[in-house]
Amino acid sequence: MILGKVVGTIVATISHPHFKNRRLLVVQPLVMEGEASAPEDDFIALDNSQAGVGDTVLVNREGNGARQALKNPDACVISVIVGIVDSVYLEY
Amino acid sequence: MLFGRVKGNAVCTIKYPGTQGLKLLVVQPLNKNMQPIGGLQVAADVVQAGVGDLCVMVRSREAALAMPDEKFVPVDLALVGIVDELEVKPDGAYDVSLRRGKNQFT
């Protein structure tokens, strides 16, 4: 799972049935301060936690976990937003 | 899951069993700012996208799961959605850096 910031929304009227009734959001992964994020870092995730633009989210980026989160053993989904992050404490 | 722009179609007369009838499209993977990532790739289409459409794509095993009938097929990129509307905040609109100590987000 990774931490990311929701930076965009996607409207897709025609989409796979497994995506129906859930929103597709654009997520930018968080990086350590001073490190630059690569242009290919951002990705699309299916929302399972009522997240919105500007929220910091916990994203599952693995198919089996995604299928479990969506309760669909055949879902063609890799990235699912499974939590909204309140705070992160870093020791080092 | 990532964005892709449909650039054209690919035709294969001889295909692996189970992939007959699948539409193959040539796509350019894109990032959120619509800049190309890498070279052209071939994706299997399940949403009847056309040339010029901006699409949502899914990679790896999940691409094969997106296929309508046979789920155990050699497919590693699938078009699963056609983007009608896209709203992305510009780079720098949100702080995406983590600092040492406490990072409060809400």
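1. Helices (H or I, at least four residues) and strands (E, at least two) are DSSP runs, numbered from the N terminus. On that basis, chain B has 1 helix and 8 strands. Their order along the sequence is β-β-β-β-α-β-β-β-β.

2. This is a predicted model: local features need pLDDT of at least 70, side-chain atom pairs count only at pLDDT 80 or more, and totals for chains, interfaces and linings use all residues. Residues are numbered from 1 along each chain as its sequence is written, while chains are lettered from A and ligands numbered from 1 in the order in which they are written.

3. Chain B is more spread out than a compact globule, because its radius of gyration is 17 Å, well over the 13 Å that the globule rule gives for 106 residues. The radius is taken over C-alpha atoms, and the rule is 2.2 Å times the number of residues to the power 0.38. The C-alpha atoms fill a box of roughly 55 × 25 × 25 Å along the principal axes.

4. Contacts require C-beta atoms, placed from the backbone, within 7 Å. Among contacts in chain B with a separation of 6 or more, 50% join residues 24 or more positions apart.

5. Now the interface. Here 42 residues of chain B are in contact with 43 residues of chain A. Elements of chain B giving two or more residues to this side include strand E1 (2-10), helix H1 (61-65) and strand E6 (85-88).

6. Strand E1 (residues 2-11) of chain A pairs with E6(B) in the antiparallel sense, over 4 bridges. Pairing needs at least two DSSP bridges between the strands. Val11(A) has Glu85(B) as its bridge partner in E6(B).

Key:
Two residues are in contact if their C-beta atoms, placed from the backbone, lie within 7 Å.
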